[in-house]
Amino acid sequence: MAHRGATIWSWFGRMLLVVLALVPIYWIVNVSFSGPQALYKVPLDYYPNPPVLENYREVFDVNQFPGNVGNSFIVATLTTLLTLALGAPAAYALARLRVRGRNLILAVFLGLAIFPAIGMMGPLYVAMARLGLINTIPALVLPYTLFTLPLAIWILTHFFSTLPASLEDAALVDGCTPPQAFLRIILPLSAPGLFTSAILIFIWAWNEFLFALIMTTTPESRTVPVALALFAGLHELPWATIAAATVITVVPVVVLVVFFQRQIVEGLTSGVER
Amino acid sequence: MIRGQERRLALWLLLPSLVFVTVLGAFPILSQFVLSFTDLNLRFPADRGFVGGANYARLVTDAVFWQDLGNTLLFTVVSVGLELLLGLGAALLINRAIRGRTALTSTLMMPWALPTVVAATMWSLILNDRIGLVNSLLSRLGLISERVLWLGPKLAMTSVILADVWKTTPFVAIILLAGLKSIPRHYYEAAELDGANRWETFRAITLPLLKPFIAVALLFRAMDAFRIFDLVWVLTGGASGTETLSVYIYKVLFRYSEMGYGSTLTIALFVIVFLMSLGLIRSMRVQAE
Amino acid sequence: MRARTTLLIVAMALVVALGGCGSDESGEVTLVFAAGSDPSGATEALIEEYNSAHPGVTVEFQAMPASTDTQHDSYVTYLSARQSNVDIYSLDVIWTAEFATAGWIREVPEGLIDREDFLEGPLVSASYDDVLYAIPWFTDAGVLYYRRDLLEEAGLDVPETWDEFRTACDALASDPDVDGYVWQGARYEGLVCNFLEFLWSIGGSIEPDRLRDETPSVRNEVAAALALMKSLVDEGYSPQSVLTYKEEDARRVFTEGQSIFLRNWPYAWSMAQGEGSKVTDVVGIARLPHAPGETPYSTIGGWNVAVSTFSKHPEEAFEFLAFIAGERSLELRAIEGGYLPTRKATYADPDVLKANPHFERFFEVFRYTRNRPRSPEYSLASDIIQENAHRALSGSMPVEDAADQMVERLLDTLGDQR
């Protein structure tokens, strides 16, 4: 589908995209590798001059930070798995089966998604405290799932409903049982939707700050956003150290995203042909 | 499948989510409804009493509420609008790419992968009038002679919108990208055979088939934008006309410990966003027909 | 089904593995002390010392983000849920009334400390209704920093009145890149501190009884203070960007040599002498400028320590409280972390003075300090002041209207306090 004029514009567009998305990121990386005073140089240096590793050393010296990254990872992963485990079947039902009150159910989930989380903080905190779950993984995973479930269900419902209606019937005609039809045909075809949802959920959980701050009180149980907030001094904001910590936390996410991206592309090329 | 069987299957598939949501979500949400009719102050829980609609009456005459509503509306409309446009553009660009699609998508994901509080902190550094990157670049390029006060009274809202658009356009792009990829290729091949040019193809095939995904993206972005908190809190603290409803609610709940009125505000925000969403859904549905 | 069961089991296993801190069956007492993180490490060292010296008691340090707002909101969440997860809280001086009237912190037992040992301002901030609810831990107050070298070069004395101040700025105004006076004018708590200092410097005040009984006078004083602040910006003595400055923003301008005067807390001194500063050795400390005949009071900052009402071990908690606010702790924190002591004697300690020679100068300035309004509704009052002061400064509301609104709403909020 190559129209020549289009290609030049596409190229320009792509470069612009990359620049816009990356310049602030580049800046964070730059600051992370520069000395703490480099920011105050006039005129500003646009690259580490000279590059230093002390900020990264600072970050690893701080108690628990690697552990916090681990916590974030676990929480985000479990949230994603739980949300998909709950949401995918529900979305399938809403999209492919005749369900009475389908719109009502979707509206309920929508309503849940809309409800301001701030309002729920107090009661959820009390609930978790009473269950003795403060500082544990479930204290975060459960509320997070609650918040991401609606988005997952909406996206997946849309996705499932874009699949051709006769798919299951065709599979059944070919001799599959309903579960087999689901596993062998539907699921692979909905891979893009599943992975899209997974990414959205994971990153949401990874970034969440307010609930994490309230539900975790010990250094060992904290997640990354809260740990990052801890770097700030009473008045000072150690930009360089924060930048280094940020880079460290973003790298695993980026790696994961790249990994998932391949799945999406693969899921597609093996997919929609009939 | 037989009707009864189908019904039972559907029930089993839906039950776990519904139970989960009910068990975990019902209590917090219901308690907010109840509390909105009380004057509970968390510091003096024993003094709490039922005040009927007094909180709601207070809401109507609360100048801060209306002002913040305006701020929030402005923010939502502008940033979501920009995000849809830019997100669509980005998704189209990436979809068209044959090589480097993975790299492009990953690049695009990075702004969004940052924790919001960190992105906000970084933007406040980049937009700093003295040591910020933006002013440094602008003055090097000779575009400004005086330092621009990005986070000052005149440009605060612009900066907040800018930071939000930067951060969440990837979200929209991802959803639209998934939508683009769900469009069977042979539709395009057919169109090309028919001699349609790119714009006609876009209007006739891409856009209509993308509608549900645009709707989802628009819906969730609008809902999120209307309730924005982290970004504003870190960038400006709500100063200079950037205080949104969520910031106000946060203050009422945690600064003044007014659980009663805070719940009223929460319910109000909920109702507004809910109506807005219903409106959006309805209009999308009308368009689809 | 199976996947979910597995998930549940995994989750429960994690609960068991990670949960359950704080409760001991061995008869050992564990106390949790929540405070802003201490980069110097002095607090942790002190806690270790305490733990070794007190077998049977283990104190755990729960480091909180340094941001005072974040701490406030977390503590409010815990305490309003009556949680016993924290035994000893470090509280910003402005929270005492709020926490005390809510019944969240315990009265300090008679005799635990000798009030005479402590600086008066901080001690007042730790009390409410004449009852002591906390022990002052470290203190802060606004001071004027100035460029000694520039003033000397121009043959100027350190300005004391606002007129002298303006004259000095005018005389040194040669470099367009150098500002006259930088302070904190962003819309946050710091603005309240700055505003009050301006107000007090012209002889005004917003004490609740004056608010009630002398409303018109107070209103005029507030308007005058706002006008003063605004004129500094309008007439170019302070840059427009001061409206976005918090402590660090203003401090940086000064230590980069880009302003002549700076209003900031004592911590800025170490920053001025430290790495990256362009003004090491040429900085002087003075009292804030004032109107002729008035006293330039500085706003009291700092933190106190208190015991939670819901602590399961109040006795042990108070013992630790006495230690962490005791002479040894204050000395170590002063030496290692530069935290200003709240005990008078510490300012005469030779080791402390050796590590912080400027403390002597601060001690002099601190003779004239005042607290912000002490009220359970301080959060709301602070917000009212912040909002209206910032609007007046940015010009989005005329000074007169801002003063009217501020006083009216403060009267509503603080009016019934004594």
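Here is a short chat about a predicted model, its chains and how they touch.

Residues are numbered from 1 along each chain as its sequence is written, while chains are lettered from A and ligands numbered from 1 in the order in which they are written. Since this model is predicted, local features need pLDDT of at least 70 and side-chain atom pairs count only at pLDDT 80 or more, but totals for chains, interfaces and linings use all residues.

Visitor: Which helix of chain B gives the largest share of the side that touches chain A?
Guide: Two residues are in contact if their C-beta atoms, placed from the backbone, lie within 7 Å. By that test, the contact takes 77 residues from chain A and 77 residues from chain B. On chain B, the largest share is 16 residues, and these come from helix H1 (residues 3–35) of chain B.

Visitor: Which element of chain B has the highest mean pLDDT?
Guide: pLDDT is the predictor's confidence in each residue, from 0 to 100. Chain B averages 85, with 98% of the residues at 70 or above. Helices here are DSSP runs of H or I, at least four residues, and strands are runs of E, at least two, numbered from the N terminus. The lowest mean in chain B, 76, belongs to helix H4 (residues 101–113), and the highest, 91, to helix H3 (residues 63–96) of chain B.

Visitor: How many strands does chain C have?
Guide: Picture the C-alpha atoms of chain C in a box of roughly 75 × 55 × 50 Å, taken along the principal axes. Chain C has 18 helices, and its strands number 13.
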